[in-house]
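User: I'd like to learn how to read a structure like this one, feature by feature. Could you walk me through it?

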Amino acid sequence: GCGDSESAGPRTRPSGPIVLGFSQVGAEGGWRLANTKSIKKAAERNRVKLLFEDAAGDPKKQLEHIQSFIDAKVTAISFSPVVEKGYDDVLRRARDAGIPVILTDRLIDSDPSLYVSSIGAEFVAEGNLAALYLENDYDEEQGGKGSINVVELLGAIGATPTKQRSEGFAATAKRTGRIKIIASESGDWTKAGGEAAIRKVLRRTRKIDAVFAQNDDMGLGAAEVLAAEGLKPGTDIKIVTVDATRAGLEGLVAGKLNYVVECSPLIGEDLMSVVVDLFFGGEVKKRITSDKNVFNKISAAPALEAGREY
Ligand code: AHR
């Protein structure tokens, strides 16, 4: 392809149905389950035959999945990368076999010509938005004085959203000059991981004003631990998270979480459009981003009542 898009041009159309091999990160939490559901539903709706594999958070398994899709001579391959590094060799083999690759949700650190398109959220902006809550709403509540001590609960190390949400949060925090990141611990995207990570920090210090959890699950886990320690989550310690799953919005309504930045897992339809367009359409965009929103206690309730899907 050239420029920003890839044309359907010379690609041979499959004689039967499109077969898409998809390797998912795992089933680590609410966001991921919703993402898997979205992909399966969209495949069915678009009559794409989906070969779905779950890497259970293991990059090696994901490499094996991609190789097995190449061996099975699928029409196209997609995956949500567990980490950013290590995919070059297998993606070169996919290219040599003439099988187009589409990244979903996350990115990889490799030659961008190894994939035709990537679909996902703007993770740096999500981190920015999370810090802006502390800079604006929280700071106003505190009278604009003193430093704001923040504990950051990271996702799995080496994954795009972990790196980029941190980057965005730190950049905005630095600009304010008062937001101090006093600890960064990985909670591996899970509720149990979030609990363990905040426990570790609490052994060192209790001088915490806010927690920035890189997803709802970890933030809700941290809220439980804080409550058990006699610290009122959402009141004594503010909690900001990313994702905006139903559980996250319910946490806002209950007053346990204070602010949630949305990251939509509903990217199945976008993925299937790209897959179909690669063979039967015109142009495919190299980068497709999803919409985002922010929620607080007031806006969470109507979003839940509107029948949020995930
Ligand atoms: O890549 C998106 C992230 O992965 C979500 O924010 C998180 O919940 C999931 O595990």
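Predicted model: local features only at pLDDT ≥ 70, side-chain atom pairs only at ≥ 80, totals over all residues.

User: How do I tell whether Thr-241 is buried or exposed?

Analyst: Look at the relative accessible area: under 20% means buried, and over 50% means exposed. Thr-241 has a value of 0%, so Thr-241 is buried.

User: Which side chain does the side chain of Thr-241 make a polar contact with?

Analyst: Here you look for pairs of N or O atoms within 3.5 Å. The partner is Asp-216, and the two side chains make their polar contact at 2.7 Å.

User: Now a loop residue. Where is Gly-255 found, and is Gly-255 buried or partly exposed?

Analyst: Gly-255 is in the loop that links helix H8 (246-253) to strand E11 (259-262).

User: Let's turn to the ligand. Which residues surround the ligand?

Analyst: For a shell like this, you list residues with a heavy atom within 4 Å of the molecule. Here they are Glu-28, Trp-31, Arg-32, Asp-105, Arg-106, Pro-161, Arg-165, Trp-189, Asn-215 and Asp-243. By type, the shell divides into six charged, three nonpolar and one polar.

User: How far are oxygen atoms of the ligand from side-chain N or O atoms of Arg-32, Arg-165 and Asp-243?

Analyst: For Arg-32 the distance is 2.9 Å, and for Arg-165 the distance is 2.9 Å. For Asp-243, an oxygen atom of the ligand is 2.6 Å from a side-chain N or O atom. Taken alone, the ligand exposes 280 Å², and the protein buries 99% of that.

User: Where does the ligand sit, and which elements give two or more residues to its shell?

Analyst: The ligand sits in the largest cavity. Helix H1 (30-45) and helix H5 (160-176) are the elements that give two or more residues to the shell.

Notes
Residues numbered from 1 in each chain as written. Heavy atoms only, no water. Polar contact = N/O pair within 3.5 Å; in protein donor to acceptor, adjacent residues only side chain to side chain. Areas by Shrake-Rupley, 256 points an atom, 1.4 Å probe, with all protein chains shown as cover. 1 Å grid on protein atoms, 1.4 Å probe; cavity = no way out; pocket = protein on both sides within 12 Å on 5 of 7 lines; lining within 4 Å. Sits in = over half its atoms within 2 Å of the grid points. Helix = DSSP H or I, 4+ residues; strand = E, 2+ residues; numbered from the N terminus. Nonpolar A, V, L, I, M, F, W, Y, C, P; charged D, E, K, R; others polar. Buried < 20%, exposed > 50% of the residue type's maximum accessible area, 1.4 Å probe, protein only.
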